[in-house]
Amino acid sequence: MKKYCLFIALLLPLLLGSCSNDDSQPGTNDADYITVDARKALTGTFVEFSGKDDWAPYQWNSLLEGMKKIGLNTVIVQFAAYNDNTWFDSQNTFTKNKNKYALARLLAAAELKHMEVYIGLYFNDEYWKNQTNAEWLKLHADRCISIAQEIQARFGNSPAFKGWYIPHEPEPYAYNSDAKVALFRNDFVNRISDRLHKLNGKPVSIAAFWNSDLSTPEQLQHFMAELAKANLQVIMLQDGVGVGHVTLERLAGYYQSAAKGLFKENTSYKGAFWTDLETFSSGSVPAPFARIKQQLTTELAVEKVTKAVSFQYYNDMCPTGPGGKTAGKLRQTYRQYLETLK
């Protein structure tokens, strides 16, 4: 009896840690990965380290296995360091809590799955009160650079390490003049990205957002045109549907304006335009699939949008994540939808 109980005790974490065993269907080999058309489906997602500080390698392997089985090939780490926490073996002096293994284990899992990882740098919540404070931006740009230098030293040779992510989210309401966008661009983004390109030349990404109650499509267009003058290779746009920043009926107009700003008003931008699709609803619960399908088809119909990433798989589509059975059902329905795209 004791041996049986010990076996169950050892097995239970494996069962609870898996995000990849919920998509079995009659006639489908569940071990197979799905390759999806990036113009029709999600191909990436964000990952947060909060709550995953002590995850074992098998938990990261399971999480990424579940992602790859529905066609996700790109992971964007939202932050490698956030407020007082750092999730790799860092010597920085501006965070107190050093959680040494999360980033290393995620990268190791991504290497096994042949997935690409964009690594987010340092973020502090004080940003929201200092978006146009030049001295604060310069200080925190330098902290991002410090984190990046350590990441490059430790993980620069990882084949999974695809690029960088600047986790500070700009938007047209705060940066409501060319001078303010230039401040953010020159004292913050370029201060970081110019150094990152000297470190390893990998692409640098950022995710902008907007609120239809505060900014018109024309204002978003001009803001994106000015943001795209920065040294950035990937600009994402958060769709804002999950947080209620826009209705589905107005979504296409804003995305078309954003694309016009990036590629017509600013004809010098040669980078990529990705959509950051929110898969949650009010209360941070998984959204209905019908809504997500409409987001996908609307956003990927914009000619210049080349990739859709979600925020985020673990919370909204992993059955052992916070979304539980509702997330599992969404994932199953989404995988069935992918079968119709073949």
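Q: Which residue's side chain meets Glu226 in a salt bridge?
A: The side chain of Lys229 does, at 2.8 Å from N to O. A salt bridge here is a side-chain nitrogen of Lys or Arg within 4 Å of a carboxyl oxygen of Asp or Glu.

Q: What kind of model is this?
A: This is a predicted model, in which local features need pLDDT of at least 70, side-chain atom pairs count only at pLDDT 80 or more, and totals for chains, interfaces and linings use all residues. Residues are numbered from 1 along each chain as its sequence is written, and side-chain values use heavy atoms, with hydrogens and water left out.

Q: Is Glu226 buried or exposed?
A: Glu226 is buried, with a relative accessible area of 7%. Lys229 is partly exposed, at 46%. Buried means under 20% relative accessible area, exposed over 50%, and partly exposed in between (1.4 Å probe, protein chains only).

Q: How many salt bridges does the count come to?
A: The count comes to seven salt bridges. One of them joins the side chains of Glu65 and Lys113, at 2.6 Å from N to O.

Q: Where do Glu65 and Lys113 lie?
A: Glu65 is in helix 2 and Lys113 in helix 3 (residues 102-113), 48 residues apart, and the pair links distant parts of the chain. Helices (H or I, at least four residues) and strands (E, at least two) are DSSP runs, numbered from the N terminus.

Q: And are those two buried or exposed?
A: Glu65 is buried at 15% relative accessible area, and Lys113 is buried at 13%.

Q: How many residues of helix 2 are buried?
A: Nine of its 12 residues are buried, so helix 2 is largely enclosed by the rest of the structure. Among them are Trp60, Leu63, Leu64 and Met67.

Q: What about the pair Arg191 and Asp142?
A: Their side chains meet in a salt bridge of 2.9 Å, N to O. Arg191 lies in helix 5 (residues 178-199) and Asp142 in helix 4 (residues 134-155), so the pair ties together parts that are 49 residues apart in sequence.

Q: Changing topic, which residues gather in a patch of positive charge on the surface?
A: Lys260, Lys264, Lys270 and Lys304 do. Patch residues have over 30% relative accessible area and no salt bridge, with like charges joined within 9 Å.

Q: Where is the place of Lys270?
A: Lys270 is in the loop between helix 7 (248-265) and strand 11 (272-278). At 73% relative accessibility, Lys270 counts as exposed.

Note on methods. Patch = residues over 30% accessible without salt bridge, like charges linked within 9 Å, V, L, I, M, F, W, Y side chains within 5 Å. Areas by Shrake-Rupley, 256 points an atom, 1.4 Å probe, with all protein chains shown as cover. Lys, Arg positive; Asp, Glu negative; His and termini not counted. Charge placed at Lys NZ, Arg CZ, Asp CG, Glu CD.
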